[in-house]
Amino acid sequence: MLSLNATAGCPTKFGRLLICEDYPGMRDAFDLMLGDRYELAFVDSQEEIVPFLAQFPVRLVIWDLNRGGNPLQVLRRSRRIFPELRILLIAGEFEYDFQIAAIQQCGDVRFLTKPWKSTAG
């Protein structure tokens with residue numbers, strides 16, 4: 001399911017971010033941290049990422065990996081559509097082999113381990 005934050009399309013924003021997260025509490029947290037500066041689009045599953053990217057440009061994909069499926073395939077397909085796409089993967093932990101494969105196959109991919117501490121004031 002796709003949803004946009006309330007101020008979507010506002011010309012004073014710094015661009016659109018796509019966030020793959022199905023937990024409402026985390027969506028609220030992302031909106032609180034980033035919603036003032038960016039137009040946020042949310043999808044519930046990794047299967048929705050590629051179709052979204054095929055229609056709408058984004059500056060960054062923030063993706064909670066706790067969803068199963070084949071994330072490397074989605075990463076590769078996303079790169080083909082949007083080669084300059086910035087990707088931040090979030091998970092409780094990452095397997096080293098997955099990190100190496102993601103970087104080798106998809107280029108610049110960033111990893112953030114949960115939980116994280118916000119430095120926002």
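## Crossing of α3 and α4

Helices α3 and α4 form a right-handed crossing, a term used when the near helix is turned clockwise from the far one by less than a right angle. The axes of α3 (residues 71-81) and α4 (residues 96-106) cross at roughly 20° and come within 10 Å; each axis is a line fitted to C-alpha atoms over the stretch in contact, with angles from 0 to 180 degrees between N-to-C directions. The two helices α3 and α4 are therefore roughly parallel to each other (an angle under 35 degrees).

From α3, the residues P71, L72, L75, R76 and R79 take part in the contact, and from α4, F98, A101, A102, Q105 and C106 (contact means heavy atoms within 4.5 Å). Seven of the residues in the contact of α3 with α4 are nonpolar, two are charged and one is polar; Ala, Val, Leu, Ile, Met, Phe, Trp, Tyr, Cys and Pro count as nonpolar, Asp, Glu, Lys and Arg as charged, and the others as polar.

## Basis of the model

The model is predicted, with local features requiring pLDDT of at least 70 and side-chain atom pairs pLDDT 80 or more, whereas totals for chains, interfaces and linings use all residues. Residues are numbered from 1 along each chain as its sequence is written, and side-chain values use heavy atoms, leaving out hydrogens and water.

## Overall organisation

The chain contains four helices and six strands, which are DSSP runs (H or I, at least four residues, for helices; E, at least two, for strands) numbered from the N terminus. Along the sequence, their pattern is β-β-α-β-α-β-α-β-α-β.

Of the 121 residues in the chain, 40% are buried (under 20% relative accessible area with a 1.4 Å probe, protein chains only; exposed means over 50%). Among the contacts in the chain with a separation of 6 or more, 63% are between residues 24 or more positions apart.

In α4, the buried residues are F98, A101, A102 and C106. These residues lie on the same side of α4, because they cover an arc of only 100° around the axis, taken from the directions between the helix axis and the C-beta atoms. The cover over the buried residues of α4 includes α3, β5 (86-91) and β6 (109-113).

Y96, D97 and Q104 are exposed on the other side of α4. After α4 comes G107, which has a positive phi, near 80°.

Helix α1 (residues 24-34) has R27, F30 and L34 as its buried residues.

Note on methods
Angles under 35 degrees count as roughly parallel, over 145 as roughly antiparallel, 65 to 115 as roughly perpendicular and the rest as oblique.
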